[in-house]
Amino acid sequence: MTGLEDLYREIILDHYRSPRNRGELPAPPARRVEGFNPLCGDEVVVYVQVEDGNVTDLRFSGQGCSISQSSASLMSAAVKGKPVDQVRDLIRTFKAMMSVHEASLGDGDGRHPGGPASNGAGPDGSGDDALVVDPDALGELAALQGVVKFPVRIKCATLSWNTLAQGLDEAETGSPGS
Amino acid sequence: MTAPPGRAGTAPAPARPTTASRGGAEHPRHLDVDAIKKDFPILARTVHGRRLVYLDSAASSQRPQQVLDAMDDYYRTTHANVHRGVYALAEEADRLYETARLTVGRFIGAPDPEHEVIFTKNATEAVNLAAAAWGRANLHRGDAVLLTDMEHHSNLVPWLMLAEEHGVELRWLGVDDDYRLDLSDIERLVDGVKLVACTSMSNVLGTVPPFSHIAEVAHRAGALVLADGAQSVPHVRTDVGELGADFLAFSAHKMLGPTGIGVLWARRELLEEMPAFLGGGGMIRDVRHDGFSPNLLPWKFEAGTPPIAEAVGLGAAIGYLEGIGLDAVHDHEMALTAYAQRTLHERFGDDLRIFGPPGTDQRGGVLSLAFRDVHPHDLAQVLDQAGVCIRAGHHCAKPLMRRLGVNATARASVYLYNDESDVDALADALAEAGSLFGSP
């Protein structure tokens with residue numbers, strides 16, 4: 001089962017089985033934002049409360065696979081209590097980690113019918129993305145790094161993050177939501 | 001082999017079933033699956049170092065060497081654009097393309113294959129053709145179409161578009177707790193509708209609705225009937241007369257043929273009356289500054305260069321299926337479905353749930369699964385590592401998913417090249433997923 005342990009790290013399974021901050025917040029004052037993954041039908045609802053430039057509380061609900069649910073749980077633990085600016089940085093860093101190798105990934109076997117074997121530009125190769133990701137800065141979130149080896153699942157991992165970003169935008173501009 | 005004509009012997013005959021025992025699902029005619037597997041080159045490859053176990057034929061089947069050879073041969077020796085060419089090559093291409101049309105027509109029992117078989121891009125385009133050409137001419141504000149809760153999006157969205165643009169009313173046949181169509185209210189629902197559009201096999205549940213009965217009720221009420229045959233035509237012997245359909249849509253790539261070609265069959269009178277669908281070359285008789293007159297059937301509905309090599313491939317696929325026999329294929333799939341139901345129940349008991357009719361009566365070889373509370377995507381991911389290909393998601397049937405109360409299912413589907421070892425591999429991989437995602 002090579003590769004699977006990269007995807008399903010213990011931290012991920014732990015957050016999947018025992019999600020942190022699962023639930024709802026009264027909206028308003030919180031922002032309620034829905035995110036959908038049209039490919040698989042997964043959905044996540046993020047409730048984010050912003051007070052004086054800080055994310056004072058965050059909850060999520062919805063249904064999804066272990067990757068989308070654990071990513072939401074890890075996200076909630078990472079951003080709660082942080083200033084919005086830092087949260088935005090974290091969103092950027094996380095999404096960079098999820099996209100660094102997306103374009104150069106072949107399939108798991110590195111082979112394509114009718115073509116030469118791929119050169120195996122793997123997740124450990126150097127990224128050419130402008131934003132260099134330091135996994136240490138991500139703490140537990142780095143556990144999700146293995147997802148990039150499974151390109152189809154990247155959208156699962158980023159679903160709650162994109163939803164949160166939308167919630168922060170709305171909180172800032174005072175547009176829909178609450 | 002039907003294609004390419006005049007070139008018999010380029011491909012070996014498909015592995016045939018032994019017909020020693022003829023009987024019900026428990027004692028089906030035996031397919032020589034080992035020999036059949038050898039006809040499908042892709043089944044010899046490995047995935048993640050494991051034998052490829054392909055259980056996703058409901059999404060797209062694989063192709064035998066005979067189909068690959070027919071298409072390859074066509075491109076190597078014959079290709080030219082069809083229609084209008086006066087040189088030998090073009091005439092040969094023309095003949096192969098039109099021969100494929102006749103082969104398709106014969107395969108589905110079309111009374112007038114020469115005029116009634118329209119080649120499209122896929123089953124989806126076939127339904128869109130019917131909705132756009134017949135629907136726009138015949139459905140007006142307040143007219144009704146009866147659909148079912150188990151339709152694929154391809155037999156929903158074209159009608160939803162008409163509902164949106166033309167104010168067409170949509171009505172729905174529900175799905176009962178046995179995963180079958182609820183027909184208890186059909187007489188009332190069908191009253192006043194102009195069309196009933198219904199699948200002849202659910203791509204999620206495997207359910208085979210009593211189509212000819214539905215067609216009879218519909219016709220009595222003055223409605224036409226469209227069959228979405230994408231799942232049934234590859235697996236069940238089809239006769240449009242017996243089915244009672246006025247339109248039938250299906251795709252080649254689910255029946256051992258290539259991608260890029262599908263079929264709309266419709267009764268000739270309907271096609272004659274319908275306005276053209278896509279405009280362009282080939283579909284016209286005359287073009288003037290002030291308008292055009294459409295070509296004769298079937299070309300009226302085939303604008304632009306058609307999928308010629310694909311038609312040749314589809315003809316070869318039908319030749320392969322007929323060489324084995326659709327009844328033998330279906331018997332084999334039902335025996336395998338019964339084996340899968342039994343095996344999965346024995347190994348996983350109530351941890352595994354199948355969304356679909358129990359047993360093998362009035363169903364196809366499609367098994368939509370829920371395993372404990374493991375998300376279908378996670379299941380599919382773990383199975384992939386074991387070389388087992390299944391599909392996870394909503395299967396383009398979101399209204400049905402809502403009815404089932406789930407976001408997604410994991411779907412395994414069988415075809416003539418699958419055997420009990422494939423089902424065993426599925427069960428083994430499910431067990432692995434179970435231990436990985438075991439309860440805390």
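Among contacts in chain A between residues at least 6 apart in sequence, 71% join residues at least 24 apart; two residues are in contact if their C-beta atoms, placed from the backbone, lie within 7 Å. This is a predicted model, in which local features need pLDDT of at least 70 and side-chain atom pairs count only at pLDDT 80 or more, while totals for chains, interfaces and linings use all residues. Residues are numbered from 1 along each chain as its sequence is written, and chains are lettered from A and ligands numbered from 1 in the order in which they are written.

**View 1. Chain A contains 6 helices and 3 strands.** Helices (H or I, at least four residues) and strands (E, at least two) are DSSP runs, numbered from the N terminus. The order of elements from the N terminus on is α-α-β-β-β-α-α-α-α. Of the 178 residues in chain A, 39% are buried; a residue is buried if 20 or more other C-beta atoms lie within 10 Å of its own, exposed if 12 or fewer, and partly exposed in between, with C-beta atoms placed from the backbone.

**View 2. Helix 2 (residues 10–17) and helix 3 (residues 66–79) of chain A cross at roughly 85°, their axes coming within 8 Å.** Axes are lines fitted to C-alpha atoms, for helices over the stretch in contact, and angles run from 0 to 180 degrees between N-to-C directions. Helix 2 and helix 3 of chain A are therefore roughly perpendicular (65 to 115 degrees; under 35 is roughly parallel, over 145 roughly antiparallel, and the rest oblique). Helix 2 of chain A contributes A:I12, A:L13, A:H15 and A:Y16 to the contact, and helix 3 of chain A contributes A:S66, A:Q69, A:S70, A:S73 and A:L74. These residues comprise 4 nonpolar, 5 polar and no charged (Ala, Val, Leu, Ile, Met, Phe, Trp, Tyr, Cys and Pro count as nonpolar, Asp, Glu, Lys and Arg as charged, and the others, Gly among them, as polar).

**View 3. Between the chains, 20 residues of chain A are in contact with 16 residues of chain B.** The side of chain A that touches chain B has 9 nonpolar, 8 polar and 3 charged residues.

**View 4. Helix 8 (residues 211–220) of chain B has B:F211, B:I214, B:A215, B:V217 and B:A218 buried.** Seen down the axis of helix 8 of chain B, the buried residues fall within an arc of 165°, so they line one face of the helix; the arc is that of the directions from the helix axis to the C-beta atoms. They pack against helix 7 (186–190), strand 7 (193–199), strand 8 (224–228) and helix 9 (240–243) of chain B. Exposed residues B:H213 and B:R220 sit on the face of helix 8 of chain B turned away from its buried side. Just after helix 8 of chain B, B:G222 has a positive phi of about 85°.

**View 5. In chain B, 7 strands form an open sheet with mixed pairing, in the order 4-10-9-8-7-5-6.** Two strands pair if DSSP finds at least two bridges between them. Strand 4 (117–120) and strand 6 (169–173) of chain B are at the edges, each with a single partner strand, so one side of each lacks a neighbour in the sheet. The twist from one strand to the next averages 20°. Strand 9 (residues 247–251) and strand 10 (residues 262–266) of chain B run antiparallel and are joined by 5 bridges.
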